[in-house]
Amino acid sequence: MAGRKLTILPLIRKIELIEAVESGKKQKIVAEEFQIPANSVSTIMKRKDHYREQFYSGQVDVNKQRARLANHDDMEAELLRWLLPLLKNFVGKNG
């Protein structure tokens with residue numbers, strides 16, 4: 001059974017897509033240019049505020065395909081504070 005090809009756009013490409021649609025291009029044309037289904041363009045346009053917020057906040061690497069934000073920023077900061085001195089003083093097996 002031949003399945004459809006799943007295309008995941010990185011955040012930077014989603015922003016480019018949003019700008020293309022807002023510049024006046026039809027969603028069908030933009031979908032063809034980005035090689036994605038037309039309903040995906042519609043979904044991206046519905047969530048454009050969310051994507052712009054991620055893009056301008058700088059919390060997400062714009063080139064990654066999926067954005068994964070930290071759920072517990074304070075816990076991750078403490079873990080890093082604990083781990084860095086350990087890594088600094090680490091001595092490998094070879095001495």
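Predicted model: local features only at pLDDT ≥ 70, side-chain atom pairs only at ≥ 80, totals over all residues.
Student: What describes two packed helices?

Tutor: The angle between their axes and the distance between the axes. Take H1 (residues 11-22) and H2 (residues 27-34) here. They pack at about 150°, with their axes 10 Å apart.

Student: How are H1 and H2 oriented to each other?

Tutor: Angles over 145 degrees count as roughly antiparallel. H1 and H2 are therefore roughly antiparallel. Their crossing is right-handed.

Student: Which residues of H1 and H2 meet?

Tutor: From H1, Arg13, Glu16, Leu17, Ala20 and Val21. From H2, Gln27, Val30 and Phe34. By class, this contact has five nonpolar, one polar and two charged residues.

Student: Now H1 and H4. At what angle do their axes cross?

Tutor: At roughly 130°, and the axes come within 10 Å. H4 spans residues 48-57. H1 and H4 are therefore oblique to each other. The crossing is left-handed.

Student: Which residues make the contact of H1 and H4?

Tutor: H1 gives Leu11, Ile12, Lys14, Ile15, Ile18 and Glu22. H4 gives Lys48, Tyr51, Arg52, Gln54 and Phe55. They divide into six nonpolar, one polar and four charged.

Student: On to the largest pocket. What is its volume, and how many residues line it?

Tutor: The volume is about 300 Å³. The lining has 14 residues. Nearest the centre lie Thr7, Ile8, Ser40, Thr43 and Ile44.

Student: Where does the largest share of the lining come from?

Tutor: From helix H3 (residues 38-46), with four residues. By class, the whole lining has seven nonpolar, four polar and three charged residues.

Definitions and conventions:
Residues numbered from 1 in each chain as written. Heavy atoms only, no water. Axes fitted to C-alpha atoms, helices over the stretch in contact; angles between N-to-C directions. Helix = DSSP H or I, 4+ residues; strand = E, 2+ residues; numbered from the N terminus. Parallel < 35°, antiparallel > 145°, perpendicular 65-115°, else oblique. Left-handed = near helix turned anticlockwise from the far one by under 90°. Contact = heavy atoms within 4.5 Å. Nonpolar A, V, L, I, M, F, W, Y, C, P; charged D, E, K, R; others polar. 1 Å grid on protein atoms, 1.4 Å probe; cavity = no way out; pocket = protein on both sides within 12 Å on 5 of 7 lines; lining within 4 Å. Points joined across faces, edges and corners; volume = space filled by probe spheres on them.
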